[in-house]
Amino acid sequence: MPFATPLTELLGIRHPILSAPMDTIAGSRLTRAVSEAGGFGILGGGYGDAIRLRTEAAELKGFAPFGIGFITWSLAKQPDLLDVALDAAPQAIMLSFGDPAPFAPRIRERGARLICQVQSEDMARQALDAGAEILVAQGTEAGGHGASRTTIDIVPAIVDLAAGRVPVVAAGGIADGRGLAAMMMLGASGVLIGTRFYASVEANGAQEAKERIRMATSNDTVRGVVPDWSRKLFWPAPFTARTLVNDHIRRWTGREVELMQRAGEVAEDYAAAKAAGDFETAAVFAGEAAGLIHDIPPAAEIVARIAIEAEQLLEGKRNSVTAARDSSPLQGRVKATTSERTNHVA
């Protein structure tokens, strides 16, 4: 059963579950699947590949609801990409890692809502001043780029700062109904989830990358600069990237100065490994929630599981996520389709 929060009312969705705009992983197929299941799918704008964005956005034009997300400082270098996104008539534009103010007027003029991801109170104030209608409070447990504060710390801090003016969405380390229920108890109106949706049928990632997430524990991720410097990407402080640990990470952690000195050589090797699907060199961007992920189901099933578990926990009908899953009408289907799902290649 759907349950209402300020977030669901604002976006017109059944479940307070948003999928993260994970660079190229969150394509139109995943975006549509999450939204059709009652959540809110967000297409990844990544670092600004205009051809890819135009193609993926065209697949969603006329479909509702959905959003498109950008790395703000990357968008600043290619401002025309915002018009490409807005031409697809998304219900929202999500901006992360930079000042949203230069883009907010165009977003409002085109009738889209502005979602801003933040990692501190100062960033939240900047977003609110720019007219953000939804704040995503991201904890360090999240996969991909983020900062250092934990989800359980940053979420209530941003909820207190927002003071009911806008919905606050929690992100970082959330992969099941327990996470959604816990974040709502902290005052969040919903959750933004990345890694759990990466390990789904519809995500654009390579099957081996998905399998690595499925097999990982929470201890198998690390936050640092190695994945970015290996691609000659130098993110501003305080942002680093969380990925699964692999041979490349182990080799260069603690040798970052040498890595920077050999950036050209390393970048060539890294690009070749990525093209070849070598994930002992190329990074799998994933968060600590990987330890809670044990299968690769369709995105709709993920949305349904999380919503059912959270609703039952919040209503006090179950005292554990295991009981909630055992009683779920999806459970039989889960068991019946496990082998089929793991054979899918996105």
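1. Buried means under 20% relative accessible area, exposed over 50%, and partly exposed in between, computed with a 1.4 Å probe on protein chains only. On that scale Asp23 is partly exposed, with a relative accessible area of 30%. The residue lies in the loop between strand S1 (17-19) and H2, where helices (H or I, at least four residues) and strands (E, at least two) are DSSP runs numbered from the N terminus. Phi of Asp23 is near 40°, a positive value in a residue other than glycine.

2. Some notes on provenance belong here. The model is predicted, so that local features need pLDDT of at least 70 and side-chain atom pairs count only at pLDDT 80 or more, whereas totals for chains, interfaces and linings use all residues. Residues are numbered from 1 along each chain as its sequence is written, and side-chain values use heavy atoms, with hydrogens and water left out.

3. Ala89 is placed in the loop between helix H5 (80-86) and strand S4 (92-96), and at 44% relative accessibility it counts as partly exposed. Most residues other than glycine have a negative phi, and most peptide bonds are trans.

4. Gly69 is found in strand S3 (residues 66-71) and counts as buried at 3% relative accessibility. Its C-alpha atom is separated by 8.5 Å from that of Ala92, 23 residues away along the chain. With neighbours within four places in sequence left aside, Gly69 is in contact (heavy atoms within 4.5 Å) with Pro21, Ile42, Leu43, Gly44, Gly45, Gly46 and Met94.

5. The charged pairs come next. A salt bridge is here a side-chain nitrogen of Lys or Arg within 4 Å of a carboxyl oxygen of Asp or Glu, and by this rule the count comes to 21. Asp122 forms one with Arg125, the closest N and O atoms being 2.9 Å apart; both residues lie in helix H7 (residues 121-130), three residues apart, about one turn of the helix. Asp122 is exposed, with a relative accessible area of 58%, while Arg125 is partly exposed at 43%.

6. In helix H16, the side chains of Arg305 and Glu301 meet in a salt bridge at 3.0 Å, N to O, and the two residues are four apart, about one turn of the helix. Arg305 counts as buried at 14% relative accessibility, and Glu301 is buried as well, with a relative accessible area of 1%.

7. Glu280 forms a salt bridge with Arg250, with the closest N and O atoms 3.9 Å apart. Glu280 lies in the loop between helix H15 (263-276) and helix H16 (299-314) and Arg250 in helix H13 (residues 247-252), so the pair ties together parts that are 30 residues apart in sequence. Glu280 is partly exposed, with a relative accessible area of 27%, whereas Arg250 is exposed at 52%. Both belong to a network of salt bridges that links Glu208, Arg212, Asp247, Arg250 and Glu280.

8. Turning to helix packing, the axes of H7 and helix H8 (residues 151-162) come within 10 Å and cross at roughly 40°; axes are lines fitted to C-alpha atoms, for helices over the stretch in contact, and angles run from 0 to 180 degrees between N-to-C directions. Glu121, Ala124, Arg125 and Leu128 in H7 meet Ala157, Ile158 and Leu161 in H8. The residues of this contact divide into five nonpolar, no polar and two charged, where Ala, Val, Leu, Ile, Met, Phe, Trp, Tyr, Cys and Pro count as nonpolar, Asp, Glu, Lys and Arg as charged, and the others, Gly among them, as polar.

9. The axes of helix H2 (residues 28-36) and helix H3 (residues 50-60) come within 9 Å and cross at roughly 30°. H2 and H3 are therefore roughly parallel to each other, a label for angles under 35 degrees, with over 145 being roughly antiparallel, 65 to 115 roughly perpendicular and the rest oblique. Ser28, Thr31 and Arg32 in H2 meet Glu56, Glu59 and Leu60 in H3, and by class this contact has one nonpolar, two polar and three charged residues.
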